[in-house]
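Open the model in your viewer and keep the sequence beside it. This tour goes from stop to stop, with something to select at each one.

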Amino acid sequence: MLMFGCYRRGDANDPDTYTAAIAAVLAEYPPEVVKAVTDPRTGLPRKVSWLPTVKEVSDACDAEKKTQDSIKLLQARGYVWLDGKWQKPGEAA
């Protein structure tokens, strides 16, 4: 609902169908992906001026999931984010 509240009322032709379609797409992703994509500071409300299409929401979720999966993989390999870059503690930069 946070994402929907960031747009003008009446932008969707059929608001009930639009909301159901977006909810169905978001339900396919982990909560941390949904939070990042719908957050007005980091997600679609900051990036697009109109209601995003179902495809745009899906694409944003796919991209965010890929990013989060990459971060988890780096962390699992012992890397940490330091001074604006990924570093493995104990290794020369």
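Start with a definition: rings of Phe, Tyr and Trp (for Trp, its six-membered ring) pair if their centres lie within 6.5 Å. Planes under 30 degrees apart count as stacked, over 60 as edge-to-face, and the rest as tilted.

How many aromatic pairs does a search of the whole structure find? The search finds one. Select tryptophan 81 and tryptophan 86. Their pair is edge-to-face, with 5.4 Å from centre to centre and 70 degrees between the planes.

Before moving on, note two things about the model. It is predicted, so local features need pLDDT of at least 70 and side-chain atom pairs count only at pLDDT 80 or more, while totals for chains, interfaces and linings use all residues. Residues are numbered from 1 along each chain as its sequence is written, and side-chain values use heavy atoms, leaving out hydrogens and water.

Is tryptophan 81 buried or exposed? Here buried means under 20% relative accessible area, exposed means over 50%, and partly exposed is in between (1.4 Å probe, protein chains only). Tryptophan 81 is exposed, with a relative accessible area of 51%. Tryptophan 86 is partly exposed, at 30%.

Now select aspartate 83. This residue lies in the loop between β1 (80-82) and β2 (85-87). Its phi is positive, about 50 degrees, although aspartate 83 is not a glycine. Aspartate 83 is also exposed, with a relative accessible area of 75%.

**The whole chain**

Zoom out and colour by secondary structure. Helices (H or I, at least four residues) and strands (E, at least two) are DSSP runs, numbered from the N terminus. The protein has four helices and two strands. Along the sequence the pattern reads α-α-α-α-β-β. Of the 93 residues, 27% are buried.

A contact means heavy atoms within 4.5 Å. Among contacts between residues at least 6 apart in sequence, 58% join residues at least 24 apart.

**Helix α1 against helix α4**

Select α1 (residues 15-26) and α4 (residues 54-76). Axes are lines fitted to C-alpha atoms, for helices over the stretch in contact, and angles run from 0 to 180 degrees between N-to-C directions. The two axes come within 10 Å and cross at roughly 20 degrees. That makes α1 roughly parallel to α4. Angles under 35 degrees count as roughly parallel, over 145 as roughly antiparallel, 65 to 115 as roughly perpendicular and the rest as oblique.

Show the side chains. Ala21, Ile22, Val25 and Leu26 of α1 meet Val54, Val57, Ser58 and Cys61 of α4. Seven of the residues in this contact are nonpolar, one is polar and none is charged. Ala, Val, Leu, Ile, Met, Phe, Trp, Tyr, Cys and Pro count as nonpolar, Asp, Glu, Lys and Arg as charged, and the others, Gly among them, as polar.

**Helix α2 against helix α4**

From α2, the contact uses Glu32, Val33, Ala36 and Val37. From α4 come Ala60, Cys61, Glu64, Lys65, Gln68 and Lys72. The contact divides into five nonpolar residues, one polar and four charged.

**Last stop: valine 34**

Where is valine 34? Valine 34 is found in helix α2 (residues 31-38). Valine 34 touches Leu26 and Tyr29, not counting residues up to four places away in sequence. Finally, select glutamate 64, 30 residues from valine 34 along the chain. Their C-alpha atoms are separated by 8.7 Å.
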